[in-house]
Amino acid sequence: MSYLRNWFPVETGTLSPVSDNQTKKLRIPGTFIDDEEDDGSQTATEDVDDIPPAFPALDSVQRAGTSNSTVPAILNDSVLMPPPPIPALTSRVPGMSQSNSRSASSSLLAPLATTQKPAKPSRKVALAPGFGPLDWAKLKSSGEDLRGVSTLLRVPPSVLKLHNKKEDAWTAINGKVYNITPYLPFHPGGEKELMRVAGRDGTKLFSLTHAWVNVDYMLDSCHVGFLVAERSA
Ligand code: HEM
């Protein structure tokens with residue numbers, strides 16, 4: 001009984017006049033009753049079983065610190081966590097790497113490889129509408145004659161040399177001769193660049209510029225014949 005009074009900071013005086021039976025009803029479930037006084041009937045009292053445990057707990061810092069404590073009693077709207085600082089992400093410049101203190105690998109930014117300017121500027125030209133890579137793919141598989149010859153030829157350098165004009169341009173790449181006239185407006189590097197190999201063996205220049213381009217596939221429907229030595233023509 002005296003133990004219970006200690007638990008309740010409230011006017012213990014109000015408890016004293018009431019009967020033992022009434023104090024049992026005030027017991028908070030979940031609190032421990034060390035009882036010489038408890039003969040077993042107290043803990044079995046049915047009336048108190050529906051009362052939830054006190055929250056915050058009676059001896060919690062929240063309850064204790066209502067006045068002088070630095071711990072706020074209970075967080076309410078006026079005692080909220082301060083907002084987080086504005087992240088540096090909002091001040092970044094797209095496409096630019098951040099200050100040295102940021103490591104590229106630990107940020108949420110897009111990988112630098114895709115945001116930084118390439119070391120070498122592209123030398124691609126703006127192609128006219130209707131002359132993009134897909135348009136070329138469509139044209140070359142359309143069945144239209146892009147060779148200008150009825151059968152594959154043996155082409156010596158002296159013959160190749162004759163086909164050096166825009167309207168009639170041939171070039172040899174890796175031993176194969178192609179009619180490049182239909183491809184001129186589709187060439188991503190521009191007509192002028194492509195015309196540099198017109199009428200001659202363009203293998204070296206082609207490989208130096210873009211060895212990764214699959215010329216066999218790109219110009220298969222422009223195949224005219226094979227480059228051969230002069231005397232074997
Ligand atoms: C004759 C067969 C040729 C074919 C089929 C061809 C095809 C192509 C293709 C598909 C591209 C785009 C490459 C890419 O997106 O990565 C390209 C770009 C280019 N080509 Fe050609 N090309 C040929 C010959 C030449 C020649 C002889 C030159 C002369 C130098 C040349 C100069 C260029 C240049 C400067 C670019 C732009 C490269 C860049 O992205 O900066 N091409 N060509």
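Reader: Ground rules before we start?

Author: The model is predicted: local features need pLDDT of at least 70, side-chain atom pairs count only at pLDDT 80 or more, and totals for chains, interfaces and linings use all residues. Residues are numbered from 1 along each chain as its sequence is written.

Reader: Which residues come nearest to the ligand?

Author: Arg123, Pro188, Gly189, Glu193 and Met218, out of 22 residues around the ligand. A residue counts as near if its C-beta atom, placed from the backbone, lies within 6 Å of the molecule.

Reader: Which elements give two or more residues to that shell?

Author: Strand 3 (168-173), helix 8 (191-195), helix 9 (203-210) and helix 10 (215-218). Helices (H or I, at least four residues) and strands (E, at least two) are DSSP runs, numbered from the N terminus.

Reader: Which helix gives the most?

Author: Helix 9, with four residues.

Reader: And the shell by class?

Author: Eleven nonpolar, seven polar and four charged residues. Ala, Val, Leu, Ile, Met, Phe, Trp, Tyr, Cys and Pro count as nonpolar; Asp, Glu, Lys and Arg as charged; the others, Gly among them, as polar.

Reader: Switching to strand 3. Why is it largely enclosed by the rest of the structure?

Author: Because five of its six residues are buried. Buried means 20 or more other C-beta atoms within 10 Å of the residue's own; exposed means 12 or fewer, and partly exposed is in between, with C-beta atoms placed from the backbone.

Reader: How does strand 2 join strand 3, parallel or antiparallel?

Author: Antiparallel: two bridges join strand 2 (residues 164-165) to strand 3. Strands pair if DSSP finds at least two bridges between them. Asparagine 164 stands opposite alanine 169. A hairpin links the two strands through two residues.

Reader: What about strand 4?

Author: Strand 4 (residues 176-179) runs antiparallel to strand 3, with four bridges. Tryptophan 170 has asparagine 179 as its bridge partner. This is a hairpin too, with two residues between the strands; asparagine 174 in the turn has a positive phi of about 55 degrees.

Reader: In which sense does strand 5 pair?

Author: Parallel, over two bridges, with strand 5 at residues 200-201. Threonine 171 stands opposite arginine 200 there.

Reader: Back to methionine 218. Where does it lie?

Author: Methionine 218 lies in helix 10. It is partly exposed, with 18 other C-beta atoms within 10 Å. Its C-alpha atom is 8.6 Å from that of tryptophan 136, 82 residues apart along the chain.
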